[in-house]
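Q: Could you take a close look at the salt bridges in this structure and walk me through them in plain words?

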Amino acid sequence: MEYINYILIGLGLGILIVQFFKQEEKAAKKATIKARAARRTRLKKQHDLIKSLAAKHTEQPSVKNEAIHSITDYSLKSIEFSLHDLTKLITNLQDHYKKTSSKTTFKTSFPTQLNQQLEPIHFWKLLILKNEALHNAVQHSAATYITNIVSIENKELVIITHDTGVGFTKKELFYSDGLKLLHQLVDELNGITTLTSTLGNGTIVRTSFPLITFLSK
């Protein structure tokens, strides 16, 4: 009889443990569903923000605004992007500007391993600032070569535009509307901008961003 009591106690404990883990599993599923819903809502808001920001830059038709339109369309296609997507769009931007600068040769240096993920708003801002640097190089530098570089260095995303054009004075760099926007976007992404330019020796626009900026929340 005592042996049977032990069995019953064991069965009872087993049922309690099973019920406990079932409740834990339900709670975990609920939390996952809630987190996914919150993420979808947050990224939907990012899409709305992108549309609002893009509208400010596409009022007048121009080669730069056409590029912004293409960047915006692509940025609204998904809720997550990779650095591979970023380099693909930078290549597309090069092709876009080739139409207006047939004498310029474009070069790229992109790493093969680009696993960093980007949310839509980060993806859009990185491409808009890259578009500003490219537009300035194509339209104002009279460069023979423009090199675009993307790399990961010391836990930072580094994006470089290097042209072999006429170069700019510090005053010209400071008062350029395009570079003001570039500085603004870099600041919003917690990045650093380094501009190196001398008359007759081209310009290097280097922007770097801590990878922690792009971690999904």
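A: Let's start with the term itself: a salt bridge here is a side-chain nitrogen of Lys or Arg within 4 Å of a carboxyl oxygen of Asp or Glu. Keep in mind that this is a predicted model. With that in hand, take E188 and K125: they form a salt bridge, and their closest N and O atoms are 2.8 Å apart. E188 sits in helix α6 (residues 177-188) while K125 belongs to helix α4, so this pair ties together parts that are 63 residues apart in sequence. How open is each partner? E188 has a relative accessible area of 37%, so we call E188 partly exposed. K125 comes out at 13%, and because buried means under 20% relative accessible area, K125 counts as buried.

Another one joins the side chains of E119 and R42, at 2.8 Å from N to O. Here E119 is in the loop between β3 (117-118) and α4 (120-140), and R42 is in helix α1 (residues 2-55), so the pair links parts that lie 77 residues apart in sequence.

What about their surroundings? K44 is partly exposed, with 47% relative accessibility, and D48 is partly exposed as well, at 35%.

While we're here, let's have a quick look at a residue with a different story to tell. A67 is part of helix α2, which covers residues 63-75. Its relative accessibility is 1%, so A67 counts as buried. Which residues does A67 touch, if you skip those up to four places away in sequence? They are L93, H96, Y97 and N131. Take L93 from that list: A67 and L93 are 26 residues apart in sequence, yet their C-alpha atoms are 6.8 Å apart in space.

Key
Residues numbered from 1 in each chain as written. Predicted model: local features only at pLDDT ≥ 70, side-chain atom pairs only at ≥ 80, totals over all residues. Heavy atoms only, no water. Helix = DSSP H or I, 4+ residues; strand = E, 2+ residues; numbered from the N terminus. Buried < 20%, exposed > 50% of the residue type's maximum accessible area, 1.4 Å probe, protein only. Contact = heavy atoms within 4.5 Å.
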